[in-house]
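Hello,

Here is the structure I promised to pass on to you. Please open it alongside this message, and my notes follow below.

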Amino acid sequence: GTPRSNQNSSFSVSQRSSENSYRITRQASSPSMGEKELFNFDKWVCNVMVKIIQVVGEARFLPPLPISGETQKRHDFFLETRIIKEIEDDLQAWTERGFPAHPLVLFICADPASDMAPSPRVQPGHRQGPDKRYRVLEIWTIRYEPIPGQSARSREIKASVFVKQLVLLVRSVHSCLRMLPCHQAVAKHGCKDPSAGLKYRLSTSTQLLDTEEAADASHEYRFGHVDNPFGRIMVQVI
């Protein structure tokens, strides 16, 4: 369904050219010190969730050797990432409407009919015939679970430590991508372009579409969670 808006405060999004990352702006009158701290943590939480999707998208949909001037790049979290326009547009929409109440869920699907639809997005619609069009290879779920109210941990976690842990989380995801079953499935295509026959869908729910066949849930990977004074970031892939 449509994400609900936050009744206590509203968020707008802009892009900082110096860091090539998203910025969450909390609109509030006379914010207290606690609200200022929450503002900073919210910004980093949003940025790292976006970054992880960008890292996975690059690994699954772009050739390993970049073509000069082929695409825009981002350099946040000490990791250069090439950007896919369609994914970037979807992330922008989530940042404006879904953060922080809704998770980011990225489906990576095999599509034998990919030549019929040049867009990298999964095409919505109902199943036609006994076979489903898309075979789900991976489902990435990035979730932020806030802690209601004030927490005693607010004085125990420094922002500098939190940011370092986020950098390590991004590095961990980046390092393991080639070891996941999806990478092996992509390699079997034998194409220079790893995106051949692949589609993606960015959602806030793990529910499959009528046109999608479920992934193999026997393989599940969870990355170490990262806490801040107000919540916890969790990343998993099946």
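A word on the basis first: this is a predicted model, in which local features need pLDDT of at least 70 and side-chain atom pairs count only at pLDDT 80 or more, while totals for chains, interfaces and linings use all residues. Residues are numbered from 1 along each chain as its sequence is written, and side-chain values use heavy atoms, with hydrogens and water left out.

Let me start with the charged pairs. Taking a salt bridge as a side-chain nitrogen of Lys or Arg within 4 Å of a carboxyl oxygen of Asp or Glu, the count is ten. Helices (H or I, at least four residues) and strands (E, at least two) are DSSP runs, numbered from the N terminus.

For accessibility, buried means under 20% relative accessible area, exposed over 50%, and partly exposed in between, with a 1.4 Å probe and protein chains only. Lys85 is exposed because its relative accessibility is 58%, and Asp89, at 36%, is partly exposed.

Next comes a salt bridge between Arg201 and Glu212, at 2.8 Å from N to O. This one links distant parts of the chain, with Arg201 in strand β7 (residues 198-203) and Glu212 in strand β8 (residues 212-213), eleven residues apart. Arg201 is buried at 12% relative accessible area, and Glu212 is buried as well, at 1%.

Another salt bridge joins Arg222 to Glu220, with 2.9 Å between N and O. Here Arg222 is exposed at 61% relative accessibility, whereas Glu220 is partly exposed at 38%.

Now to the strands, where two count as paired if DSSP finds at least two bridges between them. Which strands does β6 pair with over seven bridges? One is strand β5 (residues 104-110), which pairs with β6 (residues 134-146) in the antiparallel sense over seven bridges. The other is strand β11 (residues 231-237), also antiparallel to β6 and joined to it by seven bridges. Trp140 of β6 has a place in both pairings: Leu106 stands opposite Trp140, and Trp140 stands opposite Val237 in β11.

β6 also pairs with β8, this time in the parallel sense and over two bridges. There, Tyr134 stands opposite Glu212, the residue that meets Arg201 in a salt bridge.
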